[in-house]
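I list what I looked up, in the order I did it.

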Amino acid sequence: MPDTEPDPAGSRLARIALTWLAEPGNEAVHRLVGAVGPVEALARLRGGRSPDDSTRTASSARLATADPLQVAAAALDRATRVGARLVTPEDPDWPGQVEDLTRLARRPGSGPGGTGSGGSRGGAPPLAMWVRGPWPLAEALARSVAVVGSRAPSEYGRHVSMEFGHGLAEQGWTIVSGGAYGIDACAHRGALAAGGCTVAVLACGIDRPYPTGNTAMFDQIAESGLLVSEWLPGAEPLRHRFLTRNRLIAAATAGTVLVEAGARSGAAQTVRRALALGRATMVVPGPITSAVSVGCHEILRDHPQARLVAGVAHVQEEIGRIGIDLAPPPRGPERPRDSLDPQAARVLEAVPGRGSVDLDELAGRAGVDIRTAMRTVSALQARGLLTGADGRYRLPPRSATGVGRRGDLTDQAAGPTVGG
């Protein structure tokens, strides 16, 4: 675990102070840190030399209330008391994939509201992350998938997210979400039920997970997975922070699954960040009459690279090993007639649905000679697919073999290929 002792001259303390002075994801501050390092960047902001007007305004307002290094030292103390730790880009535990946000920050529409780029908009990589839980951060996120969606899902959505969380966790995937009510919580709980790792990325302080109604779940996650936040301990869950948080969920994972989302949805915004980053993007379809599936269907219509997924196997195929983690083709249940060769199937089809037929008539109906018909009839009788008495043959009751009268046989032959 990285050292978290306060060091007023160190880059760790400077990174915390910068996150307090300018909200996480601030693109101008991130570029400044990349150019001169966190210590010099902090010195410039404290001296009023901010890289842009909006950052200067925000940092000046906070500088008027407290010393940023004292705030940073107090944050470290508070994190230690709740069993949390700080992870920075200098640590081996840093998940390098989040640095992909650097190119996302340069795109138009990269900010939380999707209205532009540059300046202080929140699309840049984190300066540091607070972590609570037993897993090394980089290890937990190395094989991870995000499952996100509506805070007010349907019963269908809750079931699907639980199934995805459970099934993917059983396959060794870390389930990442935002800890919110609805789809997020169901995905987390599915992973917990499977005994897997799950990560809740918070939009507030690590010591005050939100919503409070999920406190028991957050405690479970802290015991067997990870709670992660960019905001200092004690920070409030403000609205704009959720949108900033979403870009971290998209960047930290191999792909994002959208289960249900309304027309105006933060979860859909997470998916758009994943698309912009080139991550695997997956969408669960819903009824076209469902208001909580409108966002899902719009993503599928507007973004051809987004993939429809209908189960855990589909998700694994998108984010797993190329050519290995392939979803099996959908199949209906095996039926007795499935293993028949074409000739035997033709003879069986020639038996009328009602009544019986003698061997000569059966051979004519099937278009085979008498010897072939005799041999085939014997084989079908041995398998219980045909009954015979007094030289006449008929189909057995459906309950005996699953192949019954003519209408039933036709239904089976043309039955559904998914779900049986």
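I began with the second largest cavity, which holds about 40 Å³ of space. A cavity here is a set of points on a 1 Å grid over the protein atoms alone where a 1.4 Å probe fits but cannot get out, and lining residues have an atom within 4 Å of a point. Grid points are joined across faces, edges and corners, and a volume is the space filled by probe spheres set on the points.

The model is predicted: local features need pLDDT of at least 70 and side-chain atom pairs count only at pLDDT 80 or more, while totals for chains, interfaces and linings use all residues. Residues are numbered from 1 along each chain as its sequence is written, and side-chain values use heavy atoms, with hydrogens and water left out.

I noted the lining of the second largest cavity: Leu18, Ala22, Glu23, Gly25, Asn26, Val29, His30, Pro125 and Leu127. By class I found five nonpolar, three polar and one charged residues there. For these classes, Ala, Val, Leu, Ile, Met, Phe, Trp, Tyr, Cys and Pro count as nonpolar, Asp, Glu, Lys and Arg as charged, and the others, Gly among them, as polar.

I then looked up the whole structure, where the search finds three cavities of 30 Å³ or more.

Next I turned to Leu18. Which residues is Leu18 in contact with, leaving aside neighbours within four places in sequence? I listed Val29, Val33, Pro38, Ala41, Leu42, Leu45 and Leu127 (contact means heavy atoms within 4.5 Å).

Leu18 is also among the residues with the most contacts inside the largest nonpolar core, which has 36 residues. Such a core is a set of buried Ala, Val, Leu, Ile, Met, Phe, Trp, Tyr and Cys residues joined through side-chain atoms within 4.5 Å. Helix H1 (11-21) is one of the elements that supply at least two residues of this core, and H1 gives the most, with seven residues. Helices (H or I, at least four residues) and strands (E, at least two) are DSSP runs, numbered from the N terminus.

My last entry is Asp91, in the loop between strand E1 (85-87) and helix H6 (101-105). Asp91 counts as buried because its relative accessibility is 13%; buried means under 20% relative accessible area, exposed over 50%, partly exposed in between (1.4 Å probe, protein chains only).

Conventions
1 Å grid on protein atoms, 1.4 Å probe; cavity = no way out; pocket = protein on both sides within 12 Å on 5 of 7 lines; lining within 4 Å.
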